[in-house]
Amino acid sequence: MSDSGDLLILQQHIKKDPQGYKDEFQLQWRHYEATRGLFLMSPGQPSLEFQSLVMFMAHVSEHYPDVTQNSFKQGIVELLEKHGPLLEHSTRLTLVKALILMRNKNNMKSVELLPILFSLFPIHDKSMRQLMSRHIAADIKGSNKKGRNEQFNRKIQNILLPIIEQEDEVCAKRALSLMTDMWRRQIWRDAKTANGIASAAFHPSPRVMLASLKFFLGQDAAAGDDGSSDDEDDEDDSKPVLAQPTKEEVYKAFHKGTASSKKKKQKKLKRAMHSVKKALRQEEGQQKETFAAIQLLHDPQGFAEKLFSLLRSGKSVKAETRMLMMSVVSRVIGVHQLVLINFYPLIQKYITPSRQDITSVLAALVQACHRQVPPDALAPVLRQLVDQFIHDRARPEVITVGIKTVREICLRAPLVMTPELLQELVEYKKYRDKEVAAVARSLLGLFRELAPEMLKKKDRGRGDGSSTIQQYGVSSIMDRIEGVELLEEALQTGRIEEGDDGAYHLVSSSSSSDQSDGGDEEELGEEVDEEDEEVDDDEEVDDDDEEEEEEEEEEEEEEEEEEEEEEEEEEEEEEEEEDVATNKEQQNGKGEPLLSNNPESLTSLRKKLAMAKKSSEIPLEQSRILTQEDFQNIKALKHKKLVEQAMKKHGLKSASKRAAARELAEQEAEDQLLLESKRSKLHEHAVNPMDLLGKKRGRADKEERLASVMEGREGREFGAKSRIKKAKTGGLSNREKQKRKNLPMGAVGGQVRKRLERNKLKSAKNFKGHVRH
């Protein structure tokens, strides 16, 4: 029964009735042991009989443990450990399949199998490597399918971590690929996995180092590779791009066909939608994955310093690997707000516009900037950036990249900017290139919010001129929830009331107050219309007349300065009037002070009692748990406060007096809230090098230019009027009717004879004798 077909039949019978075929199994077991002894004499020779017996025993040996006594599993393991590289390809693959089959039947533990499989990875056998990689990933995924099996995961991680640190490149690369794959599949998301991948960044093999660096930068998530470019080692994991089902497919699934066909189409549609949603979730989570891995590093300062020392001393490192190391170091510095002073002089050497990957270098520089970096360490880098990129001889694209990078640096570390340098950069707002002028205006707008006192008076705008930049080393410690004071004030004044459901809701403003201010709104609306007309008239100025534009800008700046001076004078007069009014209130008609100033008077005692009650009140966040509605109310109150500040900044005392300007104030408030929230978490986000480039379009080719020309000619007529064929509005002409008229046979014959005679005359006239050859 040594034939493979007979063994398959016996295998089926044993699975149905193990005890009935015990004698046949014992016979095959003795035959297996004899064949194995013969095979060990020459392990490099192929043996189909031995392979068929191995697979037979792997299927049915679990039914007879008293006969095999676990010697089958041990014999296979010994063969692979001692003679693995010498075995013939098909024989070795069969032995690996037998062990995987026993693991799938739970006859072998994964802790026993994994070291054996990883010891076989250095053997150059592509099919076996793919089989082992798929099995290991599927085994870990299956063990965590019903729930996270922490005990199993720790055992597997303890096996993989020493393998990553081995000098063997193939084993370390496969172990690293497995850990990164488990991270992307949301199976292993702990600090042990992140630090194990981080340890591979210091591996002596460049491929293993490259794979670890790409993981922390998120480049491997989209490509799905493990840092290797060898086609023999890597399998093709390319997947087709998923598309949303069309409206026609959805309509057919619910309205076309029989009931059974509809059901099949709906199931297929549901599976397609699930796949599309899964792919979208994976794309959205790619950036969050790398950020979470960097956050879980145990010793970020030591990791950054060690990687920086490799970057500084690695002379044999390729340029691509050097750039990735620089990006990872800057990312770790930014996320954990580390102080690595020597990193900035190193990156200063690479800041030249002629470099091919200069945008990646600038992105790394921006990522390494945060509030904890001393301004003195960043000042030479900023000076080098300005000198190399922002000057009169530079191209507009280079100036755009330079100013954009300066703006991103100032967002993260505004103390590095000086007033002289800022004024020099702001002057580019009048540059001839639109992209450069727009970027310079964005830098101007940033410092209008952060530090208006660093700008000239004409560039500060209408803000209060207060700086929001803290000095170096100063940190604001929050002892309460941000914005809870606004919520308490709104509760005391009655702007927030408790609803029927027990939640607190913000009360909308009454309509009576709106009606009372209606006349003022109409008058101010007319003023706004007049201002809009003036702006429209200014916009009609020809762009080519640059001298007139400069004169108008100077006049507008002078008008703004006069308005600001008038506003300051009005505020001073109001303050003086208020002081006089308070002095009058504190005195009676005879010029003597009122009794309220007496500390023992009734009014003074009442004020003291109110102050004592207010000081003894328990804060709102300590008296009850704030709900989601409370936080929404805090957000709305913040927005309302910023809107009122923006309206006052434009010279308006209340928000209800000028409805036309309210939209601008709300937009300004939203921008300010967005800037504050963005600055607080800006160091955690990666910088895309392509965002530092300008948005200048490339030159269109001939087809695109011709298409735009033809598009502009639609509805227009070109050429002489006699050649323009106008569309007819009537019927056919007499000539066309004569051609289509049905004539009798004689008339038709006469027309034919006339045409033949006419052609004969033409041919005689054009004949010039015989043609000479």
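Asp 357 and Arg 355 form a salt bridge in which the closest N and O atoms are 3.1 Å apart; a salt bridge here is a side-chain nitrogen of Lys or Arg within 4 Å of a carboxyl oxygen of Asp or Glu. Both partners are partly exposed, Asp 357 with a relative accessible area of 23% and Arg 355 with 28%. In this scheme buried means under 20% relative accessible area, exposed over 50%, and partly exposed in between (1.4 Å probe, protein chains only). The model is a predicted one, in which local features need pLDDT of at least 70 and side-chain atom pairs count only at pLDDT 80 or more, while totals for chains, interfaces and linings use all residues. Residues are numbered from 1 along each chain as its sequence is written, and side-chain values use heavy atoms, leaving out hydrogens and water.

The whole structure holds 14 salt bridges. One of them joins Asp 125 to Arg 92, with the closest N and O atoms 3.3 Å apart. This pair links distant parts of the chain, 33 residues apart: Asp 125 lies in the loop between α7 (110-119) and α8, and Arg 92 in helix α6 (residues 89-104). Helices (H or I, at least four residues) and strands (E, at least two) are DSSP runs, numbered from the N terminus. Asp 125 is buried, since its relative accessible area is 5%, and Arg 92 is buried at 5% as well.

Another salt bridge connects Glu 248 and Lys 252 (3.4 Å, N to O). These two residues are four apart in helix α14 (residues 247-255), so about one helical turn separates them. Glu 248 is exposed at 51%, whereas Lys 252 is partly exposed at 36%.

What about residues in the interior? Ser 212, in helix α12 (residues 206-217), is buried because its relative accessible area is 0%. Leaving aside neighbours within four places in sequence, Ser 212 is in contact (heavy atoms within 4.5 Å) with Leu 176, Ile 197, Ala 198, Ala 200 and Ala 201. Glu 408, found in helix α22 (residues 396-412), is also buried, with a relative accessible area of 19%. Residues up to four places away not being counted, Glu 408 touches Val 366 and Leu 692.

Turning to the whole protein, the secondary structure comes to 35 helices and two strands. Of the 773 residues, 34% count as buried. Among contacts between residues at least 6 apart in sequence, 66% join residues at least 24 apart.
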